[in-house]
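Reader: I have a few questions about the terms used for this protein. Could you walk me through them?
Author: Gladly, let's look at it together.

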Amino acid sequence: STGTISFRGGLATLDTIEIDRVMVSANPSITLMNGDFESNSLVGTSSKYMNPFGWICGNIVNNVSGCVIVKSGDKTWGGGAAPHGNYYLALQQRSVVSQIIAVPMLH
């Protein structure tokens, strides 16, 4: 069977949520594609509005992407370091990022 893992951005205009190294620790057999957001290629830029590889991103108000892949240390995004690896996902305003995952049946 399948399930969906989702994260929602904040409700205020200037809210941004940073996401990195997503995993399902309760069941290690459930794997996520690109849970650390390292599978996104940023050439010539340190941030990019995009659907992260393996994820679907949209805005619940106007269906415009508020997902930004950010390189660790990007001063435009506050200069913070990615908690894991070289990239993290910035989820702006009312955006939602989701991934459909396979959930093994319990025996």
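Predicted model: local features only at pLDDT ≥ 70, side-chain atom pairs only at ≥ 80, totals over all residues.

Reader: Where in the fold does glutamine 99 lie, and which residues is it in contact with, leaving aside neighbours within four places in sequence?
Author: Glutamine 99 belongs to strand β7, residues 95–102. With those neighbours left aside, its contacts are Gly3, Thr4, Ile5, Leu32, Met33, Gly54 and Trp55.

Reader: What makes the pairing of the glutamine 99 side chain with the backbone nitrogen of methionine 33 a polar contact?
Author: A polar atom of that side chain lies 2.7 Å from the backbone nitrogen of methionine 33. The cut-off is within 3.5 Å, so the distance qualifies. The backbone oxygen of glycine 54 lies 3.2 Å from a polar atom of the glutamine 99 side chain, and that value also meets the cut-off.

Reader: How do you know that cysteine 57 and cysteine 67 form a disulfide?
Author: Their sulfur atoms are 1.8 Å apart. The limit is within 2.5 Å, so the pair counts as a disulfide. A search of the whole structure finds one disulfide. The link is right-handed, with 90 degrees about the S-S bond.

Reader: Which parts does the cysteine pair tie together?
Author: Cysteine 57 sits in strand β4 (residues 56–59) and cysteine 67 in strand β5 (residues 67–71), so the bond ties together parts 10 residues apart in sequence.

Reader: Are these two cysteines buried or exposed?
Author: Cysteine 57 and cysteine 67 are both buried.

How values were computed: Residues numbered from 1 in each chain as written. Heavy atoms only, no water. Helix = DSSP H or I, 4+ residues; strand = E, 2+ residues; numbered from the N terminus. Polar contact = N/O pair within 3.5 Å; in protein donor to acceptor, adjacent residues only side chain to side chain. Contact = heavy atoms within 4.5 Å. Buried < 20%, exposed > 50% of the residue type's maximum accessible area, 1.4 Å probe, protein only.
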